[in-house]
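Please find below a colleague's note on the structure shown here.

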Amino acid sequence: MSGGGGGGGGERQGGTAQELGETDSAANKREIVVNEESSSAIPYHYSNRHSLRLRNSAFIPPAPLAVTSTLPKEMGRWETVVLAYKTLGVVFGGLVTSPLYVYPSMPLKSPTEQDYLGIYSIMFWTLTLIGVVKYTCIALKADDQGEGGTFALYSLLCRNMNIGLLSSKQAQTNSSLSHSVLLGSTENKSRLGLFFERSIVARRVLLFIAMLGTCMLIGDGILTPAISVLSAMDGIRAPFPSVSKSLVEALSAGVLVVLFLLQKFGTSRVSFMFSPIMGAWTLCTPLVGIYSIIQHYPSIFKALSPHYIFRFFWRNGKEGWLLLGGTVLCITGSEALFADLGHFNRSSIQIAFLLTIYPSLVLTYAGQTAYLIKNPADHDDGFYKFIPATIYWPIFIISTLAAVVASQSLISATFSVIKQSVVLDYFPKIKVVHTSSNKEGEVYSPEVNYILMVLCVAVILIFGDGKDIGNAFGVVVSLVMLITTILLTLVMIMIWRTPPWLVAIYFFIFFTMEGVYASAVMSKIPEGGWIPFAISFILAFIMFGWFYGRQKKMEYELTHKIDLERLGMLLSEPGIQRVPGLCFFYTNIQDGLTPILGHYIKNMRSLHTVTIFTTLRYLLVPKVAAHERIVVNRLGLEGVYGCVIQYGYADSLNLEGDGFVNQVTDSLQVYIQNCSDSLTSDHEEVQEEISAFEEAKLAGVVHIRGKTRFYISNNCGWFDRSMLAFYEFLHSNCRSALPALGVPLSQRIEVGMLYEA
């Protein structure tokens with residue numbers, strides 16, 4: 001079926017093939033599990049004959065299986081070390097290459113020795129408190145089923161506290177089967193949690209904060225490659241002053257294009273290629289730093305005393321406060337440390353940061369500062385000037401390659417947060433390819449990749465000055481950190497139940513620290529800082545428009561859903577025919593049937609003799625075992641059945657030809673046969689039911705899904721009109737689910753229906 005469907009067609013919130021963007025091209029990276037089994041050998045699953053039946057006139061779908069699919073096993077010590085090595089090429093690029101542009105981004109005016117000591121003290125404590133304490137020790141523990149980032153924190157809060165704007169049933173449907181923290185009773189919830197559950201305004205503010213953090217991180221993914229590569233390539237102008245700035249910008253743009261073209265090979269392959277480069281950078285720069293310390297200022301580490309920070313601000317006042325807009329860049333890429341969690345694991349990231357990245361940065365900044373204390377006028381090129389002439393070119397080559405790798409960290413993080421947003425149905429459905437068979441978080445999106453590439457090149461060519469990009473970068477870094485602090489505080493209070501005094505200490509330290517940074521970078525908005533705001537506003541508008549339309553649609557479907565009692569009444573009406581054939585009718589409602597079914601029966605005056613209401617259910621496991629892939633049941637009406645197709649992130653749903661139909665029908669036949677064996681049933685009736693299947697298949701197979709649009713009446717306000725019109729535009733251009741099932745075009749039918757807004 002073409003286009004983006006509405007009410008049917010596997011559009012279950014957050015878990016269909018459409019929502020994950022599965023397409024035929026992804027199948028090449030997957031092993032087809034179901035198709036390997038003989039159709040007749042597929043075991044059935046049932047708890048009793050009526051596990052799917054009328055309960056208070058409600059449609060109860062088959063319960064999820066206790067999936068026995070093999071989850072990624074616990075890694076050994078050596079495997080964790082190898083994975084930690086791989087993180088160098090993906091996670092920490094933006095963070096460890098920040099010495100390229102931190103000092104050049106500061107508007108220093110005649111700096112003194114005391115100024116440099118104060119700046120180094122600020123950078124040291126920023127790296128220690130934010131990098132080590134906040135992200136490495138606290139944030140990495142607040143993952144949502146292995147995923148990190150601001151939207152993962154929001155998802156974690158929604159699933160555990162029932163504070164999402166969608167219904168709680170939807171939130172539970174989206175969660176993993178291994179979800180360990182169930183929604184507690186009112187008595188067990190914190191007062192803050194109850195406040196969020198009762199206040200729609202508070203929940204909307206929380207959603208806005210999460211969306212803003214996500215959009216800012218994507219903006220970070222645009223600016224990090226631009227400033228990293230441009231700063232590294234600018235080093236060629238020191239030995240060759242005749243090289244023009246335009247040539248440096250063109251070379252930087254070319255390097256970025258090559259980097260983005262490599263993304264399709266997946267994070268693992270890219271990290272394997274990039275990690276040696278980052279290993280060399282992480283080793284070389286602190287060695288140069290140690291040499292510089294010995295040569296220029298051996299007592300530099302006295303600046304670790306916080307009193308140098310107080311003296312710096314006391315002496316410089318407002319000018320010192322404005323310098324924080326450049327100082328904050330020393331922690332750039334720290335959010336990728338959290339957002340890239342899905343690509344690796346907590347232990348590997350912690351080991352890599354604490355044992356390599358953090359010591360490397362401390363020594364590199366110490367060496368830079370030691371050089372600048374003796375050469376205060378060189379701060380505009382604070383990195384390349386402190387490199388000894390004998391090793392200048394090797395370091396230049398390594399720094400250029402490292403800048404390319406630095407871009408990888410935020411690109412991978414952007415893929416992760418976009419994928420999270422798509423799965424949670426807060427972003428239009430785009431193509432998302434899983435590039436690893438055993439890491440659910442390792443994903444690649446071609447649409448996002450090429451949009452990022454165009455925007456990165458545009459930023460370099462339009463805002464070629466590194467200081468302007470640095471100003472924009474500072475805005476992104478500070479606001480994302482601030483949003484993460486707020487969401488982590490809510491997680492501590494409402495989920496972890498951390499003692500209040502510890503929460504107060506955490507919030508006071510980090511909110512104050514990051515708030516001061518944010519206030520300083522806000523003054524840079526006219527000088528390039530508007531770039532991330534513009535990008536974030538556009539992305540947030542897309543996210544909110546999609547979310548608003550989906551919420552309105554879900555409200556309509558839940559209000560007008562059809563239960564089995566209503567379906568029985570419709571089929572018993574005079575003139576309703578049961579026409580020959582086998583029909584797969586796709587539904588996305590978990591507690592009933594899509595209203596499109598009633599629309600179809602009333603207008604077509606018919607229903608196929610065998611109709612299977614089908615739902616696609618996405619599970620956060622690598623592969624679902626073949627015998628657990630298809631869950632089938634009777635619905636209590638003649639020729640009407642329920643089917644749930646369960647699949648993991650490494651499974652393929654592209655079943656060629658009639659494979660999909662055969663798998664489902666054979667599973668139903670085995671199920672019916674075994675039900676008749678376990679329960680005393682008339683053997684002839686069972687044989688007639690099985691024969692009906694065969695006759696229906698021979699008569700023809702059809703796949704029906706809904707394609708809905710909103711009917712905007714004159715009673716709608718301007719806000720509903722504009723937002724729903726925007727949603728319709730997004731919806732008509734997103735991907736469809738059914739092509740992933742390999743359904744032939746001749747068997748696809750779309751039933752159009754207008755939902756009244």
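1. Overall composition. The model is a predicted one. The protein has 757 residues, of which 61% are buried, and its secondary structure consists of 24 helices and ten strands.

2. Contacts and surface. Among contacts in the protein with a separation of 6 or more, 84% are between residues 24 or more positions apart. The accessible surface is about 28,700 Å², and carbon and sulfur atoms contribute 62% of that area.

3. The buried side of H20. Helix H20 covers residues 564-572, and its buried residues include Leu564, Leu567, Leu570 and Leu571. These four lie on the same side of H20, because the arc they cover around the axis is only 115°. As a general point, an α-helix has 3.6 residues a turn, so residues three or four places apart point the same way.

4. The N-terminal end of H20. This end is capped by Asp563, which places a side-chain oxygen 3.3 Å from the backbone nitrogen of Glu565.

5. Packing of H20 and H21. A pair of packed helices is described by the angle and the distance between the two axes. Helix H21 spans residues 595-604, and its axis comes within 10 Å of that of H20, with a crossing angle of roughly 5°. Since angles under 35 degrees count as roughly parallel, H20 and H21 are therefore roughly parallel to each other. On the H20 side, the residues that meet H21 are Arg566, Leu567, Leu570 and Leu571; their counterparts in H21 are Leu597, Gly598, Ile601 and Lys602.

6. Leu571. Which residues does Leu571 contact, leaving aside its neighbours within four places in sequence? They are Ile576, Arg578, Ile601 and Leu607. Leu571 lies in H20 and counts as buried because its relative accessibility is 18%, the cut-off being under 20%.

7. Gln669. Is Gln669 buried or exposed? Its relative accessibility is 14%, so Gln669 counts as buried. The residue is found in helix H22, which runs over residues 659-678. Apart from neighbours within four places in sequence, Gln669 is in contact with Ile690, Phe693 and Glu694. With Glu694 there is also a polar contact of 2.8 Å, formed between the two side chains.

Key:
Residues are numbered from 1 along each chain as its sequence is written. This is a predicted model: local features need pLDDT of at least 70, side-chain atom pairs count only at pLDDT 80 or more; totals for chains, interfaces and linings use all residues. Side-chain values use heavy atoms; hydrogens and water are left out. Helices (H or I, at least four residues) and strands (E, at least two) are DSSP runs, numbered from the N terminus. Buried means under 20% relative accessible area, exposed over 50%, partly exposed in between (1.4 Å probe, protein chains only). Contact means heavy atoms within 4.5 Å. Accessible areas come from the Shrake-Rupley method with a 1.4 Å probe; for residues, only the protein chains shown count as cover. A polar contact is a pair of N or O atoms within 3.5 Å; within protein, one must be able to donate a hydrogen and the other to accept it, and residues adjacent in sequence count only if both atoms are side-chain atoms. The arc is that of the directions from the helix axis to the C-beta atoms. Axes are lines fitted to C-alpha atoms, for helices over the stretch in contact, and angles run from 0 to 180 degrees between N-to-C directions. Angles under 35 degrees count as roughly parallel, over 145 as roughly antiparallel, 65 to 115 as roughly perpendicular and the rest as oblique.
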